[in-house]
Amino acid sequence: MLVALCAMTFNASVEITGKWMFGALMCDIWNSFDVYFSTASIMHLCCISVDRYYAIVQPLDYPLIMTQGRVCVMLLMVWILPALLSFLPICTGWYTTAENWKYLKANPHLVAANS
């Protein structure tokens with residue numbers, strides 16, 4: 001749902017108008033949200049798989065394995081790690097060369113076409 005609201009709405013505007021209207025900073029934020037929410041979704045599925053694995057393989061020990069503390073740590077990891085993987089590289093420009101970074105900043109109207 002977050003991918004649909006925070007990422008796909010901007011993509012829809014580009015598809016409708018044929019151009020990016022929100023500037024270079026918003027383009028980076030848009031790309032970061034797309035990566036962030038997609039990665040968090042995948043990690044949630046992994047956590048569900050681990051949870052179900054222990055529930056099936058060790059049903060008697062399951063309450064001892066999946067404690068409230070472990071679940072909280074898993075949820076924190078699901079939301080913090082994707083933030084580091086998405087916002088840090090995209091907003092700092094690690095995803096591109098220095099020349100392309102300067103070009104994108106000088107030509108914000110071409111940002112979506114090159115992303």
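Which residues form the largest nonpolar core of this structure? The core has 6 residues, namely Ala7, Phe10, Val14, Trp20, Cys27 and Trp30. A nonpolar core is here a set of buried Ala, Val, Leu, Ile, Met, Phe, Trp, Tyr and Cys residues joined through side-chain atoms within 4.5 Å. Buried means under 20% relative accessible area, exposed means over 50%, and partly exposed lies in between, with a 1.4 Å probe and protein chains only. The model is predicted, so local features need a pLDDT of at least 70 and side-chain atom pairs count only at pLDDT 80 or more, while totals for chains, interfaces and linings use all residues. Residues are numbered from 1 along each chain as its sequence is written, and side-chain values use heavy atoms, with hydrogens and water left out.

Helix α1 (2-17) and helix α2 (23-57) each supply at least two of the core residues, and the largest share, 3 residues, comes from α1. Helices are DSSP runs of H or I with at least four residues, strands are runs of E with at least two, and both are numbered from the N terminus. Tryptophan 30, a member of the core, is in contact with Cys6, Ala7, Phe10, Asn11 and Trp20, leaving aside its neighbours within four places in sequence. Contact means heavy atoms within 4.5 Å.

Tryptophan 20, also in the core, is buried because its relative accessible area is 5%. The structure holds 10 aromatic pairs. In one of them, the rings of tryptophan 20 and phenylalanine 22 have their centres 5.0 Å apart and their planes at 75°, so the pair is edge-to-face. Rings of Phe, Tyr and Trp (its six-membered ring) pair if their centres lie within 6.5 Å; planes under 30 degrees apart count as stacked, over 60 as edge-to-face and the rest as tilted. Phenylalanine 22 counts as partly exposed because its relative accessibility is 36%. Tyrosine 53 and tyrosine 54 also form an edge-to-face pair, with 5.3 Å from centre to centre and 70° between the planes. Tyrosine 53 is partly exposed at 48% relative accessible area, and tyrosine 54 is partly exposed at 27%.

Attention now turns to helix α4. This helix covers residues 68-92, and at 1.5 Å a residue its 25 residues should span 36 Å, which agrees with the 36 Å between its end C-alpha atoms. The expected span is 1.5 Å times one less than the number of residues. Just after α4, glycine 93 takes a positive phi of about 85°. An unreviewed UniProt entry lists residues 71-95 as "transmembrane region". UniProt positions are given in the numbering used here, feature names are shortened, and annotations may be inferred rather than shown by experiment. Over residues 71-95 the chain is 88% helix and 0% strand, and the end C-alpha atoms are 32 Å apart.

Which residues of α4 are buried? They are Met74, Val78, Pro82, Ser86 and Ile90. An α-helix has 3.6 residues a turn, so residues three or four places apart point the same way. What covers the buried residues of α4 includes α2 and α5 (98-106). Serine 86, found in helix α4, counts as buried because its relative accessibility is 0%. Not counting residues up to four places away in sequence, serine 86 touches Ser32, Val35 and Tyr36.

Helix α2 also contains cysteine 47. Cysteine 47 counts as buried because its relative accessibility is 19%. Cysteine 47 and aspartate 28 are 19 residues apart in sequence and 28 Å apart in space, C-alpha to C-alpha.

The structure holds 1 salt bridge, a term for a side-chain nitrogen of Lys or Arg within 4 Å of a carboxyl oxygen of Asp or Glu. Side chains of opposite charge can pair when their charged atoms come close. Here the side chains of aspartate 51 and arginine 52 meet at 2.9 Å, N to O. Aspartate 51 counts as buried at 18% relative accessibility, whereas arginine 52 counts as partly exposed at 42%.
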